[in-house]
Amino acid sequence: MLTLAVMACQRAPVEPAFQYSSNASSRTGLTALSDGVLLGNEAGTVVRLDREGRPVWTARLGREVAVAPALAGESVVVGTVVGEVACLSLEDGKERWRLGGEPPVLTPPVVDDAGHTVYLVAPDGAVRALAVDSGQERWKQPAPKAPTPASAESLEPQPSVTPGLRAAPVLVADVLVVPLGSGLWALDARSGVPRWSLPVTDVVGLDSERDTVFVATRPGRVLALSVKNGSTRWEQRFSDGVTGPPARALGALWVGAGPSSLVGLSTSEGREVARVVLPSPLVGRVQVGLEDLLLVPTSGHEGNLVALKAPGWTPAFTVRADTPLRTRPVVRGPLVFVLGLDGRVLAWRLRVPPPA
């Protein structure tokens, strides 16, 4: 049952739209579509839902899907924890190709803007580019050694990397920035040739803006780096660490800071412009709803989705999902979709406030 708690508003600003259970726990997050969402779960099921929460199709891969499916034009690329990579039709979920015997897919795949190439990062740090239409390998870059600042000359394999879920790479123009256990690497997206590297480890997440990549690390560093050469434009540090990845929204860069705060930073200077105490830590990304609302998913067992109103970041309302929210909401018009840790997709409809 969906529970609604309203703060700072006399009339309920949201109403439940639907809930859908995928019948297994999920940690993938939601992949946004123009008319709904995609998700995977621990049972190895991939589901496409429409705006009303109705399944359009279901594909069963048989083993856990741990990271979000990647949208590539009219295709969906998805991987499993046992090393299968499949390309599905977006229209009906039918399999177009499948690769077996691959490294476990524990890092979200990234697709170029044209939808022609998908980039996969193996647990040992090797990076591959595959053709979306066929699965054919375009290039492969072996796992690197631990880098030194502004150096990417040594690229011998490094076998001793602990497997586990990693932050997704970001693709900025023709540069793929990849967080690895050994450091942060930038590769030429067309050839795989290294551009630069930095000894920045324990990365929680990345975001980008034009020619800048933003990096947040669990120990508490947030950096703005030049995509061209990796030079530091600004750096901010949080003594209590960082709990959630950076996300640009409503003119600021937002990160989860320990123990349970949301902090907004200036994207140009890194100075703190906002700080809000949350009911539980932010471990996913914030999202924008109805132009001036900042939607903040929290990871406590109550699963509170907190809405803050710009520009003062005062609470507008909170909805409770009764399951931890650890991934970014998806917004489609007045609808807000979230994925709970228990595998349920919950949706609410935001009410547009009447004219003043």
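A search of the whole structure, which is a predicted model, finds 4 aromatic pairs. One of these is formed by Trp254 and Trp313 in an edge-to-face arrangement, with 4.8 Å from centre to centre and 75 degrees between the planes. The pair links distant parts of the chain, since its members are 59 residues apart. Trp254 belongs to strand β24 (residues 252-257), while Trp313 lies in the loop between β29 (304-309) and β30 (314-320). Trp254 and Trp313 are buried.

In the loop between β29 and β30, which holds Pro311, the bond from Ala310 to Pro311 is cis, with omega near 5 degrees. A cis peptide bond also joins Gly258 and Pro259, where omega is about -5 degrees. Pro259 is placed in the loop between β24 and β25 (261-265).

Strands β19, β20, β21 and β22 form, in that order, an open sheet of 4 strands with antiparallel pairing. From one strand to the next, the twist averages 15 degrees.

Asp207 has Phe214 in β20 as its bridge partner. The hairpin of these two strands has 2 residues between them, and Arg210 takes a positive phi near 50 degrees there. Strand β20 (residues 212-217) also pairs with strand β21 (residues 221-226), again in the antiparallel sense, over 5 bridges. Here the bridge partner of Val215 is Leu223 in β21.

Val215 is also part of the largest nonpolar core, which has 17 residues. Together with Val177, Leu184, Leu206 and Leu225, Val215 is among the residues with the most contacts inside this core. Two or more core residues come from each of β15 (170-172), β16 (175-180), β17 (183-188), β18 (194-198), β19, β20 and β21. When residues up to four places away in sequence are not counted, Val215 touches Leu184, Val200, Val203, Gly205, Leu206, Arg221, Val222, Leu223 and Leu225. A second, separate core has 16 residues, including Val319, Val331, Val338 and Trp348. In soluble globular proteins, nonpolar side chains tend to be buried together.

Another open sheet of 4 strands has the order β11-β12-β13-β14, and its pairing is antiparallel. Its edges are β11 (110-111) and β14 (137-141), each with a single partner strand, so one side of each lacks a neighbour in the sheet. Strand β12 (residues 117-121) and strand β13 (residues 127-131) run antiparallel and are joined by 5 bridges. Thr117 stands opposite Ala131 in β13.

Ala173, with phi of about 55 degrees, lies in the loop between β15 and β16. Ala173 is exposed, and its relative accessible area is 73%. For Asp322, phi is about 60 degrees. Asp322 is found in the loop between β30 and β31 (330-332) and is partly exposed, with a relative accessible area of 36%.

Note on methods: Residues numbered from 1 in each chain as written. Predicted model: local features only at pLDDT ≥ 70, side-chain atom pairs only at ≥ 80, totals over all residues. Heavy atoms only, no water. Pairing = 2+ DSSP bridges. Axes fitted to C-alpha atoms, helices over the stretch in contact; angles between N-to-C directions. Core = buried A, V, L, I, M, F, W, Y, C linked by side-chain atoms within 4.5 Å. Buried < 20%, exposed > 50% of the residue type's maximum accessible area, 1.4 Å probe, protein only. Contact = heavy atoms within 4.5 Å. Phe/Tyr/Trp six-rings, centres within 6.5 Å; stacked < 30°, edge-to-face > 60°.
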